[in-house]
Amino acid sequence: MVGKLYRTQILLEPEQHRELSALARREGRSVSELIREFVQNELELRKAEQSATIKRRLEALEGIRQFREEVLCENNGQPIDFDIVEAIDKAREEQDERNWSILTGSGD
């Protein structure tokens, strides 16, 4: 038997209530007992999904850490010297040049 129980009111759709009542009769249990079981199963499922998500994220972070270590080893302990703003500006300039060539018909 379960310890202390708390009273909660829920609203069910008619079909949900019919199916729960029929299932409770077939199993010789109360609707409340079935609902508690369903809620417990869903809580456990969500907890397991949350744990799996956390595990995946931690594994991804570990993969990133290992990759960073590999990059540092390949570069004699120095981080990659890369300016993202400069790279984006260069890519934009190249695209502008391609677009200008197309517009003016002066293809490369």
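Start at the largest pocket, which holds about 420 Å³ of space. A pocket here is an open set of points on a 1 Å grid over the protein atoms alone, where a 1.4 Å probe fits, with protein on both sides within 12 Å along at least five of seven lines. Its volume is the space filled by probe spheres set on the points, joined across faces, edges and corners.

Select the lining: Lys4, Leu5, Tyr6, Arg7, Thr8, Gln9, Ile10, Ser32, Ile35, Arg36 and Val39. Lining residues have an atom within 4 Å of a point. Color them by class and you get five nonpolar, three polar and three charged residues. Ala, Val, Leu, Ile, Met, Phe, Trp, Tyr, Cys and Pro count as nonpolar; Asp, Glu, Lys and Arg as charged; the others, Gly among them, as polar.

A note on the source: this is a predicted model, where local features need pLDDT of at least 70, side-chain atom pairs need 80 or more, and totals for chains, interfaces and linings use all residues. Numbering runs from 1 along each chain as its sequence is written, and side-chain values use heavy atoms, without hydrogens and water.

Now show the cartoon. The protein chain has three helices and zero strands. Helices are DSSP runs (H or I, at least four residues), strands likewise (E, at least two), numbered from the N terminus.

Color by pLDDT, the predictor's confidence in each residue, from 0 to 100. The chain mean is 93, and 96% of residues reach 70 or more. Helix H1 (residues 14-27) has the highest confidence, at 98, and helix H3 (residues 84-104) the lowest, at a mean of 95.

Zoom out. The C-alpha atoms fill a box of roughly 80 × 45 × 25 Å along the principal axes. Of the 108 residues, 6% count as buried. Buried means under 20% relative accessible area, exposed over 50%, partly exposed in between (1.4 Å probe, protein chains only).

Next, select Lys4, in the segment before H1. Buried or exposed? Lys4 counts as exposed, because its relative accessibility is 67%.

Last stop: Asn76, in the loop between helix H2 (31-74) and H3. Asn76 has a positive phi, near 55 degrees, and is not glycine. Most residues other than glycine have a negative phi. Asn76 is exposed, at 71% relative accessible area.
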